[in-house]
Amino acid sequence: MLASLVVSVNGSNFAFYKLSLTWPNSVCKITTCKTPIPTYFTIHGLWPTFGNDIPVPPYNPTSNKCNPNPTSPDDIVGELAPIKGELDKKWPNLWVRKTNVDFWKIQWQHHGMCSDYPRDPLDYFKDTLNLAQSKRFDPFKALGVQPSDQTPHLLHTLLENAYKNFGAYPQITCSMPKKGILLLKEIRFCLKRTKKTPPSVVQNCPTNVGDRCTNPLTDYVWLRATPTIFGPHNVTSDLLAST
């Protein structure tokens, strides 16, 4: 009983949210995506995160009852009907093996149920949409660059651009489809948890790089523009673009 109570308290005592936005071209280089591939950043999620940069674990009625009686993932579909069109466009599941609804259910179970919206999935998804679509959280504006198949960017420069343009350091994660080629996969903006929703106060992300990006001073990353470059066997294009 005591252990369950401790987990419950820890599960709800998070410090900030991560608004995670995905660059589809980088993801679709390492997996099979639906077509057409979006030419804009899509939403991965809004994630409650502890102060030590560890994500809050998914809701579990036994091991992580972070909120009492949150809405079940199976019950969110009807509630999201008013914004389904926007979600389909901005928060799509990129992978061919899952539907958009599958993706939303996973995000709700893994993150929404332990957020400040445990019984309000409509506001959770709507507020995330509004954050992601605001000019304030425009990745291109924050990073100070546009997609290009010609020029990689020093990771340190992108982070400093974001600090200057956005007002805080984000987290940038990368994929590595082949040795020596880093693709900017996601940018994650960090927002302080306050008593009000939606979160609006930005903060530095505790960790500025992730996945295959490791050193801002030496890592050069691509923010590629052309989806056709990312065919599963298009090795020649990779070699040409990296020279």
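Trainee: Does Cys174 count as buried or exposed?

Mentor: Happy to start there, with a note that this is a predicted model, where local features need pLDDT of at least 70, side-chain atom pairs count only at pLDDT 80 or more, and totals for chains, interfaces and linings use all residues. Residues are numbered from 1 along each chain as its sequence is written, and side-chain values use heavy atoms, leaving out hydrogens and water. Buried means under 20% relative accessible area, exposed over 50%, and partly exposed in between (1.4 Å probe, protein chains only). At 1% relative accessibility, Cys174 is buried.

Trainee: Which residue forms a disulfide with Cys174?

Mentor: A disulfide is a pair of cysteine sulfur atoms within 2.5 Å. The sulfur of Cys174 has its partner 1.6 Å away, and that partner is Cys213.

Trainee: What is the handedness of the disulfide of Cys174 and Cys213?

Mentor: Look at the torsion about the S-S bond. For Cys174 and Cys213 this torsion is about -70°, so the disulfide is left-handed.

Trainee: And the link of Cys190 and Cys205, is it left-handed or right-handed?

Mentor: Good one to check! Cys190 and Cys205 are joined with an S to S distance of 2.0 Å, and both cysteines are buried. The angle about their S-S bond is 110°, which makes the link right-handed.

Trainee: How are the bonded cysteines of the chain paired in sequence order?

Mentor: A search of the whole structure finds four disulfides. One of them joins Cys28 to Cys33. Numbered in sequence order, the bonded cysteines pair as 1-2, 3-4, 5-8, 6-7.
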